[in-house]
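Here are my notes for you to read beside the model.

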Amino acid sequence: MKSIRVVVAALLLSVTAFAAPNAQQSFDEIKTLTGNWAGKSSDGSPVEVSFKVMGNGSSVVSEINSHKHSDTMVSVFHLDKERLLITHYCGAGNQPRMQATTSPDGKTITFNFIDGTNILPSQVGYMQKLVVSIADADHHSEKWVLKTTDGKEMTENFELERKQ
């Protein structure tokens with residue numbers, strides 16, 4: 001009986017050692033993006049993204065300036081108890097909220113749609129997913145997935161490098 005307890009304890013410890021990062025760790029990883037970034041979108045057009053820590057460290061604001069879109073889009077990352085959320089203030093006039101899940105290594109944070117405001121059938125669609133992949137301190141990518149009103153998905157990828 002004692003050997004079974006030892007095996008169970010060892011299994012529990014190994015699962016804990018390989019558990020995905022918690023929301024606070026993922027939020028801290030998003031905070032490392034603070035600063036200005038430049039790169040290219042999927043079609044090769046220039047894009048600039050800035051990240052600022054705001055609200056006494058309680059939120060991170062991201063602004064996307066794409067030369068292909070006339071509007072600046074703003075997203076706010078924040079914790080809600082044990083969840084990391086993002087609200088995206090879209091050029092489509094809606095505000096989808098997405099919740100994070102994080103890869104075991106903590107370098108890829110995927111936000112999936114949970115709800116939103118002003119999501120209307122008459123609009124182009126709404127952001128359904130964001131995947132942030134952090135390669136190193138000076139390189140990251142963002143994959144934005146828009147769900148269109150006819151149920152299709154449109155994807156925009158940004159490959160970004162920190163401005164010096």
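1. The protein chain has two helices and ten strands, where helices (H or I, at least four residues) and strands (E, at least two) are DSSP runs numbered from the N terminus. Along the sequence the order is α-α-β-β-β-β-β-β-β-β-β-β.

2. A word on the basis: this is a predicted model, in which local features need pLDDT of at least 70 and side-chain atom pairs count only at pLDDT 80 or more, while totals for chains, interfaces and linings use all residues. Residues are numbered from 1 along each chain as its sequence is written, and side-chain values use heavy atoms, with hydrogens and water left out.

3. The ten strands form a closed barrel, β1-β2-β3-β4-β5-β6-β7-β8-β9-β10, with antiparallel pairing; two strands pair if DSSP finds at least two bridges between them. From one strand to the next, the twist averages 25°. Such angles run from 0 to 180 degrees between N-to-C directions, with axes fitted to C-alpha atoms, for helices over the stretch in contact.

4. Helix α2 (residues 23–31) lies across β2 (46–54), β3 (59–66), β4 (72–80), β5 (83–89), β6 (95–102), β7 (108–117) and β8, and runs at about 145° to β4. Contact here means heavy atoms within 4.5 Å.

5. Now to one strand in detail: where does β9 sit, buried or exposed? Strand β9 (residues 139–148) is mostly covered, with seven of its ten residues buried (buried is under 20% relative accessible area, exposed over 50%, partly exposed in between, with a 1.4 Å probe and protein chains only).

6. On one side, β9 meets strand β8 (residues 125–136) through ten antiparallel bridges, and a hairpin of two residues links them. I134 has H140 as its bridge partner in β9, and M127 stands opposite L146.

7. Strand β10 (residues 153–162) is also a neighbour of β9, antiparallel to it and joined by nine bridges. L146 stands opposite M154 in β10. Four residues lie between the strands in the hairpin of β9 and β10, where G151 takes a positive phi near 85°.

8. For the whole protein chain, 37% of the 164 residues count as buried. Among contacts between residues at least 6 apart in sequence, 37% join residues at least 24 apart. The protein chain exposes about 9300 Å², with carbon and sulfur atoms supplying 56% of that; the areas come from the Shrake-Rupley method with a 1.4 Å probe, and for residues only the protein chains shown count as cover.
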